[in-house]
Amino acid sequence: MASSSVTSLSVLIGFIFAIGITFVATQADARAFFVFGDSLVDNGNNNYLLTTARADAPPYGIDYPTHRPTGRFSNGLNIPDLISQHLGSEATLPYLSPELTGQKLLVGANFASAGIGILNDTGIQFVNIIRIPLQLAYFQQYQQRLSALVGSSQAKRIVNQALVLITLGGNDFVNNYYLVPYSARSRQYSLEDYVPFLISEYKKILMRLYKLGARRVIVTGTGPMGCVPAELAQHSRNGECAAELQRAASLFNPQLTQLINQLNNEIGTNIFIAANTNMMHSDFVDNPQAFGFVTSKIACCGQGPYNGIGLCTPLSNLCPNRDLYAFWDPFHPSEKANKVIVQQIISGSTQYMHPMNLSTILALDSKA
């Protein structure tokens with residue numbers, strides 16, 4: 001009887017061990033997802049930092065599955081969450097989250113931090129944020145942790161086969177060049193010279209990502225920066241978009257696409273994918289009713305003209321139905337607007353996704 005019990009226990013332990021190995025293998029076979037950038041894609045890293053650039057209080061997260069703030073600058077899901085859903089994966093955890101250990105590392109990680117830009121002097125008023133050199137250093141650190149879990153060759157394969165999203169640029173205008181009249185950067189550069197400078201710095205960042213193993217990188221442009229409620233509140237008399245910020249977007253986005261084409265040509269394959277988020281946003285900004293919104297000018301949460309002044313706080317005006325608003329707060333799209341954007345990332349034409357959309361990427365890579 002005792003011998004039979006020992007044998008049964010050995011079989012059970014072996015079975016559990018086999019399940020564990022299978023789980024690791026299954027997770028490793030799934031496509032990892034890495035996210036870099038600013039508040040449009042931050043999943044909560046800034047919650048772990050002493051900074052004012054945080055979304056850790058209600059009503060942020062009011063429509064998230066937990067109905068609680070998570071650090072996402074959204075009423076609910078953000079762009080990375082929706083891409084993760086399409087990949088069939090759980091949401092990426094913030095890199096600073098203590099939960100990001102063990103098998104969770106196989107899902108990927110989110111390194112984004114609200115307030116940052118291409119330049120290190122962008123967002124200086126937020127003090128303690130994860131600027132892009134540190135995000136990339138954390139990516140290196142992540143790879144060391146992954147190697148300890150699955151071995152260096154498997155870790156390299158996971159990183160090479162991963163999908164990467166990077167969102168930068170908007171803050172370099174809103175929270176740098178145009179932050180205050182006669183800002184240091186605006187005295188140093190005309191707008192026509194500032195944009196090429198940004199692009200040249202962005203090139204270094206993208207090439208660093210490539211050298212760290214990224215092989216499928218979706219690079220978003222800026223949205224129509226002059227049309228967000230925060231800018232309407234400061235610059236608009238009759239709801240028209242702020243012309244100077246619109247001019248900045250019109251210069252930056254085409255030059256970013258040119259950079260991506262140049263890098264792909266130099267490397268010899270389509271590593272970088274340009275996501276025309278300016279056009280994606282402009283579709284619902286210009287014609288909100290076509291997407292089921294009642295307005296693309298007034299934020300759901302905020303105060304002052306267009307609900308565009310200050311931050312979204314528990315004391316702010318709050319709309320009862322977030323799905324009717326293109327903008328959740330003075331700067332960030334609502335979850336429903338994020339779904340419109342991600343749908344174009346997944347299946348948009350080459351006008352929106354150049355040289356290919358996410359569905360094409362996944363189809364091509366599944367045959368590789």
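F36 and F111 are both buried, where buried means under 20% relative accessible area with a 1.4 Å probe, protein chains only. The model is predicted: local features need pLDDT of at least 70, side-chain atom pairs count only at pLDDT 80 or more, and totals for chains, interfaces and linings use all residues. Residues are numbered from 1 along each chain as its sequence is written, and side-chain values use heavy atoms, without hydrogens and water.

Now look at the rings. The whole structure holds 19 aromatic pairs. Rings of Phe, Tyr and Trp (its six-membered ring) pair if their centres lie within 6.5 Å; planes under 30 degrees apart are stacked, over 60 edge-to-face, and the rest tilted. F36 and F111 form a stacked pair, 5.0 Å centre to centre with 10° between the planes. F36 sits in strand β1, F111 in the loop between β2 and α3, 75 residues apart. Strands are DSSP runs of E, at least two residues; helices are runs of H or I, at least four; both are numbered from the N terminus. Ring pairs also link F36 and F111 into a cluster with F34, Y95, Y138, F139 and Y142.

F284 and F293 pair edge-to-face, at 5.9 Å and 65°. F284 is buried at 0% relative accessible area. F293 is buried too, at 2%.

Charges meet rings as well. NZ of Lys or CZ of Arg must be within 6 Å of the ring centre and within 35 degrees of the ring normal. K336 sits over F293, 5.1 Å from the ring centre. R215 lies over Y210 at 4.0 Å.

Buried residues of α7 include L191, Y194 and F197. G213 follows α7, with a positive phi near 110°.

Notes. Buried means under 20% relative accessible area, exposed over 50%, partly exposed in between (1.4 Å probe, protein chains only).
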